[in-house]
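Please look at the sequence and the structure before reading on.

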Amino acid sequence: MRAFLTRLEQAAALDRVANRMQHVVAGAIRPQWARDLLHGVWLGHPLHPALVQVPVGAWVCTAILDLLPGQRRAATTLVAVGTASALPAAIAGWNDWASLSREQQRVGLVHAAANGAGILLYAGSLAARLSGRHGIGRTLGFAGLTAVSGGAFLGGHLAYKQAAGVNQGVPDLRRIEEGWHPVADLDALPERTLLTRRIDEIAVVVYRDGDDVSVMLERCAHQSGPLGAGEVTTVDGRTCVKCPWHGSTFELGGGEVVHGPAGTDQQVLPTRVVGGILQTRLP
């Protein structure tokens with residue numbers, strides 16, 4: 001299995017399909033507000049893994065009911081619920097997939113293909129059950145559960161091995177020692193200019209606006225882009241930094257994600273000034 005996953009990550013033959021699918025996703029989901037909605041910006045958490053709980057839960061329960069007598073109606077209802085709820089989950093997944101790295105996209109394509117096959121099998125299962133062919137419906141249902149289980153395995157590989165969708169900056173916090181750390185001479189900090197400094201070899205972004213000074217981790221939560229090379233912008237009256245790689249935008253004051261593809265906030269560190277020296281520490 002490890003060898004298979006490694007080959008899948010390195011399967012450059014999938015890149016042509018990935019490039020086409022990126023264009024399709026970009027064309028289908030154009031408005032920024034729609035992309036942000038599907039990324040889970042409003043939730044502060046990736047939306048796709050939350051949405052998949054409904055279809056997976058419904059389909060697993062269907063399989064259990066199919067093994068029990070007298071549960072045809074309940075099983076049919078759950079197949080319908082699972083199939084309908086799988087569509088928004090899939091759309092959110094494609095929206096996230098479009099901004100992943102190349103190796104992640106390769107695995108993501110097979111993940112999506114397995115889940116797509118599962119959806120089609122469950123749609124066929126629903127049609128068979130509604131027409132009274134419950135034996136065929138059960139068979140298609142078990143086949144669908146097998147397909148989506150394989151897709152779920154690859155989804156776990158994406159998240160836990162390839163770190164797709166996780167906050168890339170959080171591991172840096174584990175490398176900063178406890179206590180207050182000097183960052184810079186406050187009077188030497190220019191106004192409204194992004195600066196990059198280091199704390200225990202961890203890069204942080206420093207931004208001063210009058211008496212307000214923000215310090216946040218420099219690695220973008222989405223794909224580790226360099227926020228220190230980003231653009232300072234204003235969104236709805238809030239001063240933000242925009243990542244130069246994929247456009248994730250975070251409020252400089254509190255780190256809240258304003259625009260995706262990041263679905264989680266950027267970590268901001270507490271600050272204080274002692275003897276004219278700006279200091280920061282772990283939250």
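In which loop is the place of Gln 71? Gln 71 lies in the loop between helix α5 (53-66) and helix α6 (72-97). The model discussed here is a predicted one.

From C-alpha to C-alpha, Gln 71 and His 39 are 37 Å apart in space, and 32 residues separate them in sequence. Leu 68 is also found in the loop between α5 and α6. Its relative accessible area is 46%, and Leu 68 therefore counts as partly exposed. The C-alpha atoms of Leu 68 and Met 21 are separated by 41 Å, the two residues being 47 apart along the chain.

**The protein as a whole**

The protein contains 9 helices and 11 strands. Its C-alpha atoms fill a box of roughly 80 × 40 × 35 Å along the principal axes. Of its 283 residues, 45% are buried. When contacts between residues at least 6 apart in sequence are considered, 56% of them join residues at least 24 apart.

**Helix packing**

Two packed helices are described by the angle between their axes and by the distance between those axes. The table lists these values for two helix pairs.

| Helix pair | Axes come within | Crossing angle |
|---|---|---|
| α6 and α7 | 9 Å | roughly 155° |
| α7 and α8 | 7 Å | roughly 165° |

Angles over 145 degrees count as roughly antiparallel. At roughly 155°, α6 is therefore roughly antiparallel to α7. The crossing of α6 and α7 is left-handed. On the side of α6, the residues that make the contact include Ala 75, Val 79, Leu 87, Trp 94 and Trp 97. On the side of α7, they include Gly 108, Leu 109, Ile 119, Tyr 122 and Arg 129. By type, the residues of the contact of α6 with α7 divide into 14 nonpolar, 5 polar and 1 charged.

Helix α7 spans residues 102-130, and helix α8 spans residues 134-161. Their axes cross at roughly 165°, which means that α7 is roughly antiparallel to α8. Here, too, the crossing is described as left-handed. The contact of α7 with α8 is made up of 15 nonpolar, 14 polar and 2 charged residues.

**Nonpolar cores**

Which residues have the most contacts inside the largest nonpolar core? They are Ile 176, Leu 189, Val 204, Val 206, Leu 269 and Leu 278, in a core of 17 residues. At least two residues of this core come from each of the strands β1 (181-185), β2 (195-199), β3 (202-209) and β4 (212-217). Leaving aside residues up to four places away in sequence, Val 206 touches a set of residues that includes Val 183, Leu 189, Leu 195, Arg 197, Val 215 and Leu 278. A second, separate core has 15 residues, among them Met 216, Cys 220, Cys 243 and Leu 252.

Is Gln 279 buried or exposed? Gln 279 counts as buried because its relative accessibility is 13%, and buried means under 20%. Gln 279 is placed in strand β11, which covers residues 277-280. Beyond the residues up to four places away in sequence, Gln 279 touches Trp 180, His 181, Pro 182, Val 183, Pro 270, Thr 271, Arg 272 and Val 274.

Technical notes. Residues numbered from 1 in each chain as written. Predicted model: local features only at pLDDT ≥ 70, side-chain atom pairs only at ≥ 80, totals over all residues. Heavy atoms only, no water. Axes fitted to C-alpha atoms, helices over the stretch in contact; angles between N-to-C directions. Helix = DSSP H or I, 4+ residues; strand = E, 2+ residues; numbered from the N terminus. Parallel < 35°, antiparallel > 145°, perpendicular 65-115°, else oblique. Left-handed = near helix turned anticlockwise from the far one by under 90°. Nonpolar A, V, L, I, M, F, W, Y, C, P; charged D, E, K, R; others polar. Core = buried A, V, L, I, M, F, W, Y, C linked by side-chain atoms within 4.5 Å. Buried < 20%, exposed > 50% of the residue type's maximum accessible area, 1.4 Å probe, protein only. Contact = heavy atoms within 4.5 Å.
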